[in-house]
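Subject: Structure handover

Hi,

Here is the structure for you to look through. My notes follow below it.

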Amino acid sequence: MLELHAQEGLNESSITEILTPYSFLEGAVYVSTSNEGAFSSMGANEAFIPYCGEGPSQTAKLAVYKLLAGISGKPMAWGALTGVKPVKKYDMLIRSGFSKEAARNYFARNYLISEPKMSLVEETYQNQLFGLGINEKQVSIYANIPICPSKCTYCSFPSIVTNDRALLEKYLDSLEREIEAVSPLLSGKGMTVVSAYIGGGTPTVLSEKQLGRLMGLISPLLAGGAEVTIEAGRADTSTIEKLAITRHLGANRVCINPQTTTAAALEASNRHIANELFAKAIENCKQLGYSTINCDLLLGLEHESRQSAIKSLRDVMSLSPQSITLHSLAKKRNSELPLDAVTGNQLDVSSLHDEMRAILSTAGFEPYYLYKQKYAASSAENVGYSLKGHESFYNISMMSDRGSIIGVGAGSASKILSHGDPLSHENRHNTKDVVAYIKNPAGTIEAKTRFIEKMLYWA
Ligand code: SF4
């Protein structure tokens, strides 16, 4: 196998000169060039066209992938596409003038993506178009509560386990100071906060009073009509009183996440949450008037079969949420999950996604955001589905890199676009250490102020 990287502007005779000595390598010449037509006519059997920062390394990746897929006889559904944000890649091709057909050909040739995954990318892109018009004066807020009542075995988030009310109060003190510092910086420059996401961890581990305090800090930042999501993922913490407080103080979307309804898989994941509690939480959210209820499912858990996973999906659908997000089990650095719990699982999570997509589609659910993770079961994806009009603007903004996000709280990430250019943004992370965050609010504020002022300068 031979890989060549060619300069632009070569004419046909110089191309012939380059390739002729390698003619004995018939069927194994890869060329990285922008002059694809000329090279293919000269005998290279594959050409990779560098684009969007990709180049020789992608050419090599494709060649290695082909070799391994050939040896194993097991091509991957996503082919040689290993990036986290396939839809962003597609978006960039379209924005640079590719037709839909040309973009499809690009994915087919350069990543060897399968048809089901290609159509997933296309459909997801189409369904998120409405959210891509964000401008530089619009921003989202992410507030992190990295605290949980117990640890799920597959968890990779840097959340701590505690019910210590005094510690939670101190955490809110630091969060309040950070928000109070961020707020005038944004409003002083005419920035509009169009969405907020209160996530974790488990925000509903806070008491009713503390949740009221948290919402009271965030609500004044928001523009009228802002999308506000509260993650109330664990139904064992999401009492009707807490859900009522967050709803009353501005949350209009809520996540109640069973992950599975298979009792053995829940037990093995250290999530001792009865399905009845989950169903009750959904019922409460409907009564309280949340406009969108999302439920997460996690595919690839221990003690989960294909049949039981499908049943979990149908169980969730029977409760009529407006949004369902399918995640794939993944091994991450901070997770205690052994790697072979992911790689050793015989369940084909990738094709399970395809089957579930078909089921969701018949009920009117369409994919609207999508991302991939390293070391995911079957190298499968994570996909947010919703009924029309229930897409999360925050999720689209996050995954498309079309909008700036200011994170507050320990472990939160901020991302600021440079002149709205998705190819150019800067990230900043608050400390993940909850105790350090509590102890040093001044340090957090100083770093955050410097970072935001840069954005204000751009804006
Ligand atoms: S609820 Fe979420 S953040 Fe908390 S331990 Fe479980 S997976 Fe991790």
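Start with helices H7 and H8: they are roughly parallel to each other, as angles under 35 degrees count as roughly parallel, over 145 as roughly antiparallel, 65 to 115 as roughly perpendicular and the rest as oblique. H7 covers residues 165-188, H8 residues 208-218, and they pack at about 5 degrees with axes 10 Å apart. Axes are lines fitted to C-alpha atoms, for helices over the stretch in contact, and angles run from 0 to 180 degrees between N-to-C directions.

Before you go further, note that this is a predicted model: local features need pLDDT of at least 70, side-chain atom pairs count only at pLDDT 80 or more, and totals for chains, interfaces and linings use all residues. Residues are numbered from 1 along each chain as its sequence is written.

Back to the helix pair. On the H7 side, Leu168, Glu169, Leu172, Leu175, Glu176 and Ile179 meet Gln210, Arg213, Leu214 and Leu217 of H8. A contact means C-beta atoms, placed from the backbone, within 7 Å. Six residues of this contact are nonpolar, one is polar and three are charged. The classes are nonpolar (Ala, Val, Leu, Ile, Met, Phe, Trp, Tyr, Cys, Pro), charged (Asp, Glu, Lys, Arg) and polar (the others, Gly among them).

Next, the whole chain. It has 17 helices and 16 strands; these are DSSP runs, helices (H or I) of at least four residues and strands (E) of at least two, numbered from the N terminus. Of its 459 residues, 44% count as buried. Buried means 20 or more other C-beta atoms within 10 Å of the residue's own, exposed 12 or fewer, partly exposed in between, with C-beta atoms placed from the backbone.

Confidence comes next. The average pLDDT (the predictor's confidence in each residue, from 0 to 100) is 87, and 85% of the residues score at least 70. Residues 38-53 fall below 50. Residues 23-30 stay under 50 too.

What surrounds the ligand? Cys148, Lys151, Cys152, Cys155, Phe157, Ser159, Gly200, Gly201, Thr202, Gly233 and Arg234 do, where near means a C-beta atom, placed from the backbone, within 6 Å. That shell has four nonpolar, five polar and two charged residues.

Last, Thr261. It sits in the loop between strand E9 (253-255) and helix H10 (263-268). Thr261 counts as partly exposed because it has 19 C-beta neighbours inside 10 Å. Leaving out residues up to four places away in sequence, Thr261 touches Asn275, Lys311, Ser312 and Asp315.

Best wishes

How values were computed. Two residues are in contact if their C-beta atoms, placed from the backbone, lie within 7 Å.
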